[in-house]
Amino acid sequence: LLGVSLNDPAANRRFVQLIDEDAARLSRLIDDLLALSQIESQAVPLKRSPVELKPLVAAVLGRLQPGIDQRRLAITLELSSGQTAQADPDRLQQVFFNLLDNAIKYNKGGGQITISAVPDHAGVKVTVSDTGVGIPAQDLPRIFERFYRVDKARSRELGGTGLGLSIVKHIVEAHGGTVSVTSELGQGSAFSFTIPQAS
């Protein structure tokens, strides 16, 4: 703004829009860094309680509905009514938000997202699968590292901070669970995590 004439409305609007986008990106990055720091340091203890998965996932999908509509995605819920996990509901919602946000952003137009949950030993195994661009095999071992991006330019363009999957991993592990991913380039990805089942 300082480098151009302040009397040029078109230039002013363009630069102010850039400032707004960068401020929003910085805000997301700070929020994610704070969340990761809190989880790692256990500064905020987990508040575990029985959490029914189906309504929690429905609430997250409601927040993400504009992106789902824009990309014309079909959502399939393979969750039984009354299926519950013993978890911190806010943290578990964060896990679903990050996984579903990625499944939307990196999907193909008119694609599909499936959320399923099945019993797994003393817990529940949840899988979020998509029909998106997929992840190259060489990137899979590093996908949960902080700031690791498969497609740096596209991830930045879509507003990602590179911390979402790292946050997922830390939250799940704080609950005593594990995370994993399978993917085929051009065919989609399936992210799975385990969480203790409510007794």
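Me: Is Arg142 buried, exposed or partly exposed?

Reply: Arg142 is partly exposed, with a relative accessible area of 40%. Keep in mind that this is a predicted model. The label rests on two cut-offs: buried is under 20%, exposed is over 50%, and partly exposed lies in between.

Me: Which residue forms a salt bridge with Arg142?

Reply: Look for an Arg or Lys nitrogen within 4 Å of an Asp or Glu carboxyl oxygen. Here Arg142 meets Glu145, with the closest N and O atoms 3.1 Å apart. Glu145 is partly exposed too, because its relative accessibility is 34%.

Me: How many salt bridges does the structure hold?

Reply: Three. One of them joins Glu173 to Lys169, at 3.2 Å between the closest N and O atoms. Both residues lie in helix α6 (residues 164-174), four residues apart, or about one turn of the helix. Glu173 counts as partly exposed at 40% relative accessibility, and Lys169 counts as partly exposed at 27%.

Me: What separates Asp101 and Lys105 in helix α4?

Reply: About one helical turn, because they are four residues apart in that helix. Their side chains meet in a salt bridge of 3.0 Å, N to O. Check the cover as well: Asp101 is buried, with a relative accessible area of 18%.

Me: Which strands does helix α4 lie across?

Reply: Helix α4 (residues 89-105) lies across β4, β5 (123-130) and β7 (188-196). Angles are read between N-to-C directions. Against β7, the helix runs at about 175 degrees.

Me: Which residues does Pro89 touch, not counting those up to four places away in sequence?

Reply: Pro89 sits in helix α4. Pro89 touches Lys47, Ser49, Val51 and Leu56. Pro89 and Glu52 are 37 residues apart in sequence, with their C-alpha atoms 9.1 Å apart in space. Pro89 counts as partly exposed at 31% relative accessibility.

Me: What order do the five strands of the open sheet have?

Reply: The order is β2-β4-β5-β7-β6, and the pairing is mixed. Now read the edges. β2 and β6 (179-184) each have a single partner strand, so one side of each is left without a neighbour in the sheet. On average, neighbouring strands are turned by 15 degrees against each other, direction ignored.

Me: How many bridges join β2 to strand β4?

Reply: Five, and the two strands run parallel; β4 covers residues 112-120. For a residue-level view, find Ala74, which stands opposite Gln112 in β4.

Me: In what sense do β6 and β7 pair?

Reply: Antiparallel, over six bridges. Val179 has Phe193 as its bridge partner in β7. The two strands form a hairpin with three residues between them. In the turn, Gly186 has a positive phi of about 85 degrees.

Me: Which loop does Arg72 lie in?

Reply: The loop between α3 (65-70) and β2 (74-78). Start from the general rule on phi. Most residues other than glycine have a negative phi. Arg72 has a positive phi of about 55 degrees although it is not a glycine. Arg72 counts as exposed, because its relative accessibility is 58%.

Me: Which residues form a nonpolar patch on the surface?

Reply: Look for nonpolar side chains over the 30% accessibility cut-off that lie within 5 Å of each other. Here the patch is Leu26, Ile30 and Leu34, with about 290 Å² of accessible area together.

How values were computed: Residues are numbered from 1 along each chain as its sequence is written. This is a predicted model: local features need pLDDT of at least 70, side-chain atom pairs count only at pLDDT 80 or more; totals for chains, interfaces and linings use all residues. Side-chain values use heavy atoms; hydrogens and water are left out. Patches are made of residues with over 30% relative accessible area and no salt bridge: like charges are joined within 9 Å, nonpolar side chains (Val, Leu, Ile, Met, Phe, Trp, Tyr) within 5 Å. Accessible areas come from the Shrake-Rupley method with a 1.4 Å probe; for residues, only the protein chains shown count as cover. Buried means under 20% relative accessible area, exposed over 50%, partly exposed in between (1.4 Å probe, protein chains only). Two strands pair if DSSP finds at least two bridges between them. Axes are lines fitted to C-alpha atoms, for helices over the stretch in contact, and angles run from 0 to 180 degrees between N-to-C directions. Contact means heavy atoms within 4.5 Å.
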